[in-house]
Amino acid sequence: MFTGSVKTGRFSREPVKGVKIVTTGKVYFELQDKKIEVPAGTDLLQTAAMAGVPVEGDCGGKGTCGKCRIRILTGGSRKITPVEERLFSPGELAAGWVLACRQKVTGNLVIETPGVKDDAKSKARQKWQVSGAAIDPSVQKYFRCLNLPAPEDRTPDLERLVSSLPGQGLEADLVVVAGLPRILRQAGFKVTAVLAGNRIVAVEPGNTCGRSYGLALDLGTTTLAGYLVDLIKGKVAATSVSCNPQAIFGADVISRIRHAAYNKDGLRQLQEKMLDAVNGIIRRLQDRAAVQNEEIYETIVVGNTTMVHLFLGIEPSNLALTPFIPAFNRSLELRSTELGLNLPPAGRIQVLPSVAGFVGSDTVAMLLAAGLDRCKNVSLAVDIGTNGEVALAARDRILVCSSAAGSAFEGYHIEHGMRAVEGAIDSVVFGHDVQLGVIGGVAPRGICGSGLIDAVAGMLGAGIIDSAGRFVESGSGLDGAGLHPRLRSRLIKDGAGAGFLLAPGNLTATGKDIVITQKDIKELQLAKAAIAAGVRVLLQEMGISAGSIHEVLLAGAFGSHVRKESALAIGLLPPVSPCRIRSIGNAAGDGAILCLISRTDRNRALSLCSRVEHIDLSSRADFYDKFVDALPFTDL
Ligand code: FES
């Protein structure tokens, strides 16, 4: 816990005796051990985002979803709003529970947020799989003992260095050239030149060839992931994952595009949030791997098209308007200084190319890591998220589409939904009763996407709901005939409608029942139908049936956690044997890592874009029919 006095602003008037003017407040997030000082009046949701502390919430801080629950342990004063009075019991309010988006910093505060202690737990739950890549990075280091200048050798410093290096037409930034005379002389003309492609990105005294690092960044709407890659060993040296702090402006890309379009400073705010978070990731990676930021010579960036636009500070509004035109889709190369990242000033940043407005460079990286450009059999790759990307490889073609699945898979818009962090029910096994798996082994706070799919698949299998997703009723109540009494006791029908009780309030962290409602089932149906309809369109376009699919690859964190049997049971995936369904982890991040380690793989990624055929679902007359057909919980 920190201690400290409340500051008054430098230009504030002399305080009246006995009256304390609070202009900033120090906020300490106890579980994450993070401190931040912010102007008084900043809301706590924004404060948490600035501190890099994940807080749930899917209404963009409007105070309507009730999910940004935090607990003020000490400090400040609070004004409880009507919505908080409605959501919390008097006991909870007395214990300090509030909605982060409704409360403001009024002084020093100590806060507890339900969730993971740091991103290490999320990281541990994901399998990063990079293997088989030959180590041949674009960044190469050359140690040189140069001849000393002499009256008979008046070669300028840069030419002296360049003439000792391989390759033609080498370039160097001003910042490198400016430091060269000093470094050469201090090091007695024994230096290491660092090349990224045909650019000299650094010159270092002595021989530093044993250390070289690159950064792979995967910019997602919900999560930002960074991987520090040892370019000598071809291994990931450290990983850091954080929430995308832009979430305070809305959970999905459309809300963010709107924020950028309709607020004077919106685009700048969004970019700043992202860059701050990325700089935080860089700091953590350096600490974890004991690496200096000057040793990170190159960065590969992948992400969905909107996130990449916002990262670069490019106006994204055309991505939300038909015909969804991005500002660019080719690969871009820039310097770290152009973005203000804590990396060497001449360090190279390469943004991988994207395919279309809603098929970003993360999909290109996913295709690369999944090897869809090389597979011989019919393969389907699915990255399930707010925007589901589906790719089908067959007959020397690769078809890709993007399907707006909404955020149900991320736990948003679900009554007791939450992201897959500590306290989330992530698995539900049906027997005579239900057995719940909770992330972190703590009392449950809600349910995440994989838990929801399990629960609905189980309810379907037990006959609690029918294939249309409706609770099976008999007479005036729910039909529990044939169910074990323990399962039957979980059926609820009251004024709020029908539901299935997963965890009673006396066993949950919030003291409230965790229930699957009819509306939750509807949300899941809409999300799964969007993905399934995308798969059907690609199969039709390729002229093959679902039966010819040899392998299904599930990308993304969600794909790593979802139970194959449950995904098959609700018709989210085509009916293949579970042994032909393979999780490939965060394939987008893996693809970015491959591009750092191997020039061959980077060239594959660059050429993949011209091979991929984008199928625009929004312009397909048959998409809506396929979507409606896919709503029932039947085989895809
Ligand atoms: S109620 Fe605070 S983010 Fe929704």
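Analyst: A helix axis is here a line fitted to the C-alpha atoms over the stretch in contact, and angles between N-to-C directions run from 0 to 180 degrees. The model is predicted, so that local features need pLDDT of at least 70 and side-chain atom pairs count only at pLDDT 80 or more, while totals for chains, interfaces and linings use all residues. Residues are numbered from 1 along each chain as its sequence is written, and side-chain values use heavy atoms, without hydrogens or water.

The protein is divided into domain 1 (24–113), domain 2 (139–205), domain 3 (213–351), domain 4 (372–407 + 525–629) and domain 5 (413–523); these bounds come from an automatic or database domain assignment. Between the centres of domain 2 and domain 4, taken over C-alpha atoms, there are 47 Å.

The largest nonpolar core has 73 residues. Such a core is a set of buried Ala, Val, Leu, Ile, Met, Phe, Trp, Tyr and Cys residues joined through side-chain atoms within 4.5 Å. Buried means under 20% relative accessible area, exposed over 50% and partly exposed in between, with a 1.4 Å probe and protein chains only. Phe409, Ile447, Phe471, Phe500, Ile516 and Leu572 touch the most other members. Helix α14 (residues 518–542) contributes the most, with 13 residues; helices (H or I, at least four residues) are DSSP runs numbered from the N terminus, as are strands (E, at least two). Because domain 4 and domain 5 both give residues to this core, it lies between them.

Ile516 shows the packing in detail. Beyond its neighbours within four places in sequence, its contacts (heavy atoms within 4.5 Å) include Ile447, Leu452, Met459, Phe471 and Phe500.

Helix α12 (residues 449–462) packs against α14 at an angle of about 105 degrees, with the axes 11 Å apart. The two helices are therefore roughly perpendicular (65 to 115 degrees; under 35 is roughly parallel, over 145 roughly antiparallel and the rest oblique). Leu452, Ile453, Val456 and Met459 of α12 meet Asp520, Ile521 and Leu524 of α14. This contact has six nonpolar, no polar and one charged residues, where Ala, Val, Leu, Ile, Met, Phe, Trp, Tyr, Cys and Pro count as nonpolar, Asp, Glu, Lys and Arg as charged, and the others, Gly among them, as polar.

Elsewhere, the axes of helix α7 (residues 253–262) and helix α8 (residues 266–289) come within 6 Å and cross at roughly 130 degrees, which makes α7 oblique to α8. Arg256, His259 and Ala260 of α7 make the contact with Gly266, Leu267, Gln269 and Leu270 of α8. These residues divide into three nonpolar, three polar and one charged.
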